[in-house]
Amino acid sequence: MAEIKWAPHIHDSETTSRIMWSVIISLLPALAGSVWFFGPAVLKIVLVCIVSCVISEILSQRVFGKTIKVYDGSAVVTGMLLAFVLPPATPLWMAAVGGFLAIFLAKELFGGLGHNIFNPALTARAILTASFPLEMTQFTAPFSYRIDAVSTATPLGIIKESLDTQLPSLFDMLIGNRSGCIGETCTLLLLLGGIFLLLRRIITWHIPVSYVLTVAFLSALTEQAPLFQIMAGGLILGAFFMATDYATSPLTGRGKLIFGAGCGIITFLIRLKGSYPEGVAYSILIMNMFVPFIDKYTLPKKFGLSHSRDFSRLRRFSPKNPGGVNK
Amino acid sequence: MFNGGVKLVDFKELSKEKHIEDFPLPEKAAIPLSQHTGLPAKPVVKKGDAVLKGQVIGEPAGFISSFIHSSVSGTVAGIENVPLPGGKSSPAVVIQNDGQDTAVEMEKRNWLSLQPKEIVSLVREAGIVGMGGAAFPTFVKLTVPEGKKADCVILNGCECEPFLTADYRVLKEQCGGVIEGLQIICRALSIQKAYIGLENNKKDIAAMVKNAARNLHDSIKIRIKVLPERYPQGSEKHLIKSVAGKEVPSGGLPVDIGCVVFNVQTALAVRDAVCCGLPLIERVLTVTGLVPESRNLKVRIGTPISRILDYCGAEMKPGRRIVIGGPMMGVNLHSADAPVIKSTTGILILPQEEMPEEIRPCIRCGRCIEACPMRLVPAELSRRAENKDWEGCVRFDVADCIECGCCSYVCPAKRPMVELFKWAKAEMRRL
């Protein structure tokens, strides 16, 4: 540690690792719920994901000749989030592969913390889904660990395939008594964690609110039950914990509103028209690509340019003026 | 009110109730010839000369420069290079104090009978510079450039930096003098309208100031504005935005929108110079932090900082550091031999905080964008500066950065934002 040489001489107490550990704490209630519904075996998956992420981060930072920064806790967050988007019966080796993909491919290859353009956990999930479609779509029914493992369709799967299985009630979906990925089912406990993050000022309301409201609004417009659409899939997990990832979401409030709305529209389109029952993961990954573009047009206007219409920013970014000197 | 900024714990209660004390005269005063913005002054005395308190010892070397006066009476011991509180060094006239404190003859005047031009030249001859920290020669501000029109004077009583209470004490104890100074400034600029901006944590003196500003024997209207407590409320541009609702154009000066801003102690110095003929040879500063007792001291320019530290019983242990100025924009003191200069607002003894050795990565949390009062994008800017992409820094308006430190303060990765931006600005000047 070094001494302070330059102003400012005082600093806010918030640090990167405090933020990361707060996110980990915010995920614990939903994890506890998941253990209750899907059995202690999910803890093994979570553990394997975390260990795989941490080891992958240490190894890749070694390989790239960087200082080891694993203590900041970001790899643990990625590991937990990855486990949250895997089915409860995922083979452990697959979870380990996912951890490696998330950290090495999606994060460290792009330059490490803060430089990745795609959400690491969701990238790993997308690759695993493409590579192992069978295992990644086998969902066990809640409490089936107490008897024999019974696989069943997720609520969105039931709708998509028009199965005549009984849909879970809204109350069951609220408390998490439905099939789905490890961390996505307990709506209430996820909201608890989300509110904690909001109160801790780690995330802002913009993305969760615009994302969830867009899905609800479009559902109401097409005569689907909005509450069912909000709680049936991974929307709450995605809106509070995935889409709000700092590195892969816009910098400003306005940008975040646009980003959330975009995620909502794509999620809804995939659910309604796509052949996948669920679209949260892909919608966030697709919107991740738009982040630099959204940022470009939503960054604040600097002080002292308070004319109602200011085109100077557009000019400053134009390819014809790469030097960008604003004259 | 401006966008951005940060809410800080102000620690002002440490020294807020402490009366201004006269600090004992130094045995030796080292008065730097460069303690203002602009060219260093030329010395007009030589070794062995006898000087009186208030005697001119340095003359301006150009338009933007300043007169320098002796703060004690005695003999010139030589012209030596001394370290400045900011880390640079400057030639200084070192005066051996004879302890008599004999002053040059000072002329008392009634400012009501003076013409604006006469006031401006008196201010210039008194060596008055901005005492809020920037040290820009005050007479230049009183000379409105041709083609521009000033219509509003703002007295900056915000003192938005935590810990500092010198301006607050001056306003409280010498309210009449400060208001008179403000009136003289208005007369010099031929303006009828003035504002006094106070931060909410000084609202206890708002009523008193209001009262003092009410029954003036002149047609100048002075209004008090109590502003929210939000750093950097006392930044010139942001004070104007809060008081007058206008934004100084990017790259422009306050006078472009008709505003001129002065610090509380500058106004008092103007009064002392115009009415009493007293040049700027002393100032009030706050000594606080890890000292047995925090104080507000009236100190002669040229007093070694080490003497003040001894006087206040400040123990320098490992894990402590001295900051000159406020904690947000002040500088680490490198040498306690450095003297107090016209822009020294305070001496803080702070505990050493631990900072990461290397620059940690930006996690793009966006806190700095919310905090930036200039509405810049420190996150993007700092990445470009880190990669030495100077063109990118220009594109993201590094030139508009006021180095207030809000971005560094809120950054969870503890990135040295301001340091990076200062570096980028220096590189821009070189290109």
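Into which domains is chain B divided? I looked this up first, and found domain 1 (111–276) and domain 2 (367–430), with bounds that come from an automatic or database domain assignment.

**Entry: ground rules.** I noted that this is a predicted model, in which local features need pLDDT of at least 70, side-chain atom pairs count only at pLDDT 80 or more, and totals for chains, interfaces and linings use all residues. Residues are numbered from 1 along each chain as its sequence is written, while chains are lettered from A and ligands numbered from 1 in the order in which they are written.

**Entry: the two domains.** I found the C-alpha centres of domain 1 and domain 2 of chain B to lie 30 Å apart. The contact between them takes 6 residues from domain 1 of chain B and 5 residues from domain 2 of chain B, where two residues are in contact if their C-beta atoms, placed from the backbone, lie within 7 Å.

**Entry: chain B as a whole.** I listed 13 helices and 17 strands in chain B; these are DSSP runs, with helices (H or I) of at least four residues and strands (E) of at least two, numbered from the N terminus. The radius of gyration of chain B is 21 Å, close to the 22 Å that the globule rule gives for 431 residues, so chain B is as compact as a globular protein of that length. That radius is taken over C-alpha atoms, and the rule is 2.2 Å times the number of residues to the power 0.38. I also read that 56% of the 431 residues of chain B count as buried, meaning that 20 or more other C-beta atoms lie within 10 Å of the residue's own, these atoms being placed from the backbone.

**Entry: the core.** The largest nonpolar core has 138 residues, such a core being a set of buried Ala, Val, Leu, Ile, Met, Phe, Trp, Tyr and Cys residues joined through C-beta atoms within 7 Å. Helix H4 (residues 175–189) of chain B gives the largest share of this core, 8 residues. Domain 1 and domain 2 of chain B both give residues to this core, so it lies between them. I then followed B:Ile185, one of the residues with the most contacts inside the core; leaving out residues up to four places away in sequence, B:Ile185 touches B:Leu142, B:Val153, B:Phe262, B:Ala267 and B:Val270.

Note on methods:
Buried ≥ 20, exposed ≤ 12 C-beta atoms within 10 Å, placed from the backbone.
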